Amino acid sequence: MYLLELGGEDDAFAAREAASAATGIRRIAPGLAVAGGIVPERVRGLAYTHRASELLGRGDADLASARAVLEAASIDREGSVAVRATDVHGSSGVRTERAERELGQILVDRGFAVDLDEPDHLLRVVFSEGVFEADAGGNALERVGGEDDGPERPAGEHVSVCALGWLAAESVRDFGTRHPTDKPFFQPGSMDPLLARAVANLAGARAGATVLDPMCGTGGVLVEAGLVGADVIGTDAQAKMARGARENLRHFLERDEPSPTGLERGSWHVGRGDAMRLPLVDDAVDGVVFDAPYGRQSKIDTHRLEDLVSGALAEAHRVAPRAVVVADRSWAGEARAAGWELEASFERRVHQSLTRYVMVLERR
């Protein structure tokens, strides 16, 4: 069993993205989830999960409980150790420095040497206390992958959890190096790399997979998909955007060294094209992801917005078994009409006047 430390903004969304790197996910407290298994190289590419640790045990969100868990745990490890503690949103009031000191002493008493700089093993201790909020489907705790870890709890229930685990993998937090305004080609309204990575992962981006963005814009989602190893294809109706996407993809993906996640960067192809008439055979790609034009901000010369999105959804259904759509409204009705099943949906508030809707679609 593994402990996942979520980003803390939208746990339901983070858990759904984490399913691209882990199995049997279940949220257990605000900012925390457990998983039956992980793929470490994929964990490194997650946007909204910070760490995965081999779960040692868990109790209530207080230091006495954490001490009891560690003292009772069977530890089959050798070498030096360090302890790092986190109090999610300051919810438990536990003094993390004291927790690190006292739990570290327990490990010293059990014969371990402490190395705060380069330990052989890092013990993560996370305290979380609070009330579960329902996700978009009305559930407070949900399973992603089918494994059971106790009874469901209803939305609104107060929980108090301390979880301990040996760090197994961390996500690479380099997104600030790819801020939209820092890319070779920039246009206002470009998606930030954190969300772009998440939706790429939701679409199935990984080594050996091919991901298509038929409205690729500046290529931000394709860059993030390529950095986790996927081969990427992009089209855009505007020649200017296709040229700009090529510039960005060339800059980030045509390098000899591995990506920051440690994986080989994916290959890329971008051309001018109509999302309603893709030059691809049936089932040509593993996943489709696109950021649909926003009604108040977009200029569409040849199609009504409704026709464009409906046509793009139909084409996506033809070329891939999975799609992720980001938009300023829900296109669930159009997605179902195109043959898709709505697997999950989320609302991501950007600012006071913009909420992004994210739909995860599967073929029926």
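Modeller: Contact means heavy atoms within 4.5 Å. The model is predicted, so local features need pLDDT of at least 70, side-chain atom pairs count only at pLDDT 80 or more, and totals for chains, interfaces and linings use all residues. Residues are numbered from 1 along each chain as its sequence is written, and side-chain values use heavy atoms, with hydrogens and water left out.

Colleague: How many helices and strands are there in the chain?

Modeller: Both are DSSP runs, numbered from the N terminus: helices are H or I with at least four residues, strands are E with at least two. Counted that way, the chain has 9 helices and 18 strands.

Colleague: How compact is the chain for its 364 residues?

Modeller: Take the radius of gyration over C-alpha atoms, and compare it with the globule rule, 2.2 Å times the number of residues to the power 0.38. The rule gives 21 Å for 364 residues, and the chain has 22 Å, which is close. So the chain is as compact as a globular protein of that length.

Colleague: What share of the residues of the chain count as buried?

Modeller: Buried means under 20% relative accessible area, exposed over 50%, and partly exposed in between, using a 1.4 Å probe and protein chains only. Of the 364 residues, the buried share is 53%.

Colleague: Of the contacts with a separation of 6 or more, what share is between residues 24 or more positions apart?

Modeller: Start with contacts in the chain at a separation of 6 or more. Then keep those between residues 24 or more positions apart. Their share is 74%.

Colleague: How far apart are the C-alpha atoms of valine 270 and serine 80?

Modeller: Valine 270 lies in strand 14 and is buried, with a relative accessible area of 13%. Among the residues it touches are Leu222, Gly234 and Leu249, not counting those up to four places away in sequence. Valine 270 and serine 80 are 190 residues apart along the chain, and their C-alpha atoms are separated by 49 Å.

Colleague: Are helix 3 and helix 4 roughly parallel or oblique to each other?

Modeller: Axes are lines fitted to C-alpha atoms, for helices over the stretch in contact, and angles run from 0 to 180 degrees between N-to-C directions. Under 35 degrees counts as roughly parallel, over 145 as roughly antiparallel, 65 to 115 as roughly perpendicular, and the rest as oblique. Helix 3 (residues 63–72) and helix 4 (residues 96–109) pack at about 20°, with axes 10 Å apart. Helix 3 and helix 4 are therefore roughly parallel.

Colleague: How many nonpolar residues are in the contact of helix 3 with helix 4?

Modeller: Residues that meet include Leu63 and Leu70 in helix 3, and Ala99 and Ile106 in helix 4. Ala, Val, Leu, Ile, Met, Phe, Trp, Tyr, Cys and Pro count as nonpolar, Asp, Glu, Lys and Arg as charged, and the others, Gly among them, as polar. The contact has no polar residues and 4 charged ones, and its nonpolar count is 7.

Colleague: What are helix 1 and helix 5 to each other, oblique or roughly parallel?

Modeller: The axes of helix 1 (residues 11–18) and helix 5 (residues 193–202) come within 8 Å and cross at roughly 50°. Among the residues that meet are Phe13 in helix 1 and Leu195 in helix 5. Helix 1 and helix 5 are therefore oblique.

Colleague: Is histidine 89 buried or exposed?

Modeller: Histidine 89 is found in the loop between strand 7 (80–87) and helix 4. Its phi is near 55°, a positive value in a residue other than glycine. At 64% relative accessibility, histidine 89 counts as exposed.
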